[in-house]
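Here's a quick briefing to keep beside the viewer. Have the chain open and follow along by residue number.

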Amino acid sequence: MVLCQGGEGAAAPAASGQEPEVPPGREDGPGAVQPCLCPAPGVEAAGAEERRACGCCSGMSWPFCCEAPGTKEKAACPGLGLFYTILSAFLFSVASLFLKKIEDVHSVEVSAFRCVFQMAFVLPGLIYYKTGFLGPKGKRIFLFFRGFLGSTAMVLLYYAYQVMPLADATVITFTSPVFTSLLAWIFLKEKYSLWDLLFTLFAVTGVILIARPPFLFGSRVTGIEGSYSDHLKGTVAAIASTLSAASTIVILRKVGKSVHYFLSIWYYAVIGLIGCVIALFVLNEWRLPHCGRDRVFLILIGLLGLGGQIFLTKALQIEKAGPVSIMKTMDVVFAFILQVLFLNHLPTWWTVGGALCVVASSSGTAIRKWRHSVKKAKQREI
């Protein structure tokens, strides 16, 4: 009996070019087994009477075993990655809505709870993959700044959600791809074209339409939550959060694939938790929610944020980054819908115009990067 060795390249095709016959009643159904197209080297598949065992399927006799290593993998469900992206956007938006509903809990404390959930999720993965808790010596400084900037972006974004309309804060965060291109040009010497400059100007225009500074729009600013000073503070916090998130992406590009994804999240959660606890004691803002509903919201924010991150990661694993970035603009759509339905806050035309500018800017940046990567892939094939 000849064993089919897996992982040593594609198996030779059958000499006759025909597929082996499958007995009637075995070719269909969920439990049906597929013919193995991996005849052993040196043995002709055509007319061979000997039944061979395949090492890729626990010794089940050929040809009724699983598909062998080296053959083409079954194509993933079309659009599954984009569905994961939409689901991720929905979960993030609902988490933001719950954040708006929480009363008397500081954004730093919410961020601390989020970090605890992150750590609880990542710790088993670190143990399973044996990555360690510190990472490679030459990468630790990058991981530290990744954790510091990432957690800072989270705290600032949560603050922006609390003091300004949900849709406004969400739209501003979508300027991240534009700022990422700018920072990558400065620090990583990546190409920055006139198109990138145009998209940057579009993004800045969108932010101005949302912030509506008095020196441009006058002293009477309508369609905001609370005072204009809080709205302005939220805008500054959202922009700073976006810049921190863009810096995090640049750092991750610098690190590359030399550091496991779980280790990157671990630094993000640990440094974020330490920073949040210190900030809470300095601000004297540490308090448990008085209402049981708020406690439930805190737990749901952690779970939904974690779920959104998982589905976004899965989407990027099975789909190109360009389509995922474009589909992620559904965050804005969900934010507008949830704001109208549950917060009874109608967006102004200024906000809608700003949203269109920012979405056009981020989508244009994503499409350009996507086309550039596809072009480079084709050149490599040639």
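Setting aside its neighbours within four places in sequence, Ala153 is in contact with Ser241, Ser244 and Ala245, where contact means heavy atoms within 4.5 Å. Keep in mind that this is a predicted model: local features need pLDDT of at least 70, side-chain atom pairs count only at pLDDT 80 or more, and totals for chains, interfaces and linings use all residues. Residues are numbered from 1 along each chain as its sequence is written, and side-chain values use heavy atoms, with hydrogens and water left out.

**Around Ala153**

- Ala153 is found in helix α3; helices (H or I, at least four residues) and strands (E, at least two) are DSSP runs, numbered from the N terminus.
- With 7% relative accessibility, Ala153 counts as buried. The cut-offs here are under 20% relative accessible area for buried, over 50% for exposed, and partly exposed in between (1.4 Å probe, protein chains only).
- Ala153 and Ala240 sit 7.2 Å apart in space, C-alpha to C-alpha, though 87 residues separate them in sequence.

**The overall picture**

- The protein has 13 helices and two strands.
- Of its 382 residues, 42% count as buried.
- Take the contacts between residues at least 6 apart in sequence: 82% of them join residues at least 24 apart.
- Accessible areas come from the Shrake-Rupley method with a 1.4 Å probe, and for residues only the protein chains shown count as cover.

**Nonpolar cores**

- In soluble globular proteins, nonpolar side chains tend to be buried together.
- A nonpolar core here is a set of buried Ala, Val, Leu, Ile, Met, Phe, Trp, Tyr and Cys residues joined through side-chain atoms within 4.5 Å.
- The largest one has 36 residues, and Val110, Tyr158, Tyr161, Val171 and Ile301 touch the most other members.
- Helices that each supply at least two residues of this core include α2 (107–129), α3 (140–163), α8 (228–255) and α13 (349–381). The biggest giver is α1, with six residues.
- Apart from this core lies another, of 13 residues, among them Val122, Val255, Trp266 and Ile271.
- Back to Val110: leaving aside neighbours within four places in sequence, Val110 is in contact with Leu99, Val105, Tyr158, Leu298 and Ile301.

**Aromatic pairs**

- A search of the whole structure turns up 10 aromatic pairs. Rings of Phe, Tyr and Trp (its six-membered ring) pair if their centres lie within 6.5 Å; planes under 30 degrees apart count as stacked, over 60 as edge-to-face and the rest as tilted.
- One of the pairs is Phe83 with Tyr84, a tilted one at 6.3 Å centre to centre and 45° between the planes.
- Tyr84 also forms a tilted pair with Phe311, at 5.5 Å centre to centre and 40° between the planes.
- Tyr84 lies in helix α1 (residues 80–101) and Phe311 in helix α10 (residues 292–318), so this pair ties together parts that are 227 residues apart in sequence.
- Tyr84 is buried at 15% relative accessible area, while Phe311 is partly exposed at 24%.
- Phe83, Tyr84 and Phe311 form one aromatic cluster.

**Salt bridges**

- Side chains of opposite charge can pair when their charged atoms come close.
- The structure holds two salt bridges, each meaning a side-chain nitrogen of Lys or Arg within 4 Å of a carboxyl oxygen of Asp or Glu.
- Arg293 meets Asp294 at 3.9 Å, N to O. Arg293 is partly exposed at 41% relative accessible area, whereas Asp294 is buried at 3%.
- Lys328 meets Asp331 at 2.9 Å, N to O. Here Asp331 is buried, at 6% relative accessibility, and Lys328 is partly exposed, at 22%.

**On the surface**

- Leu123, Ile127, Phe133 and Leu134 form a nonpolar surface patch, with about 380 Å² of accessible area together. Patches are made of residues with over 30% relative accessible area and no salt bridge, with like charges joined within 9 Å and nonpolar side chains (Val, Leu, Ile, Met, Phe, Trp, Tyr) within 5 Å.
- Asn344 lies in the loop between α12 and α13 and counts as exposed at 67% relative accessibility.
- Phi of Asn344 is near 55°, a positive value in a residue other than glycine.
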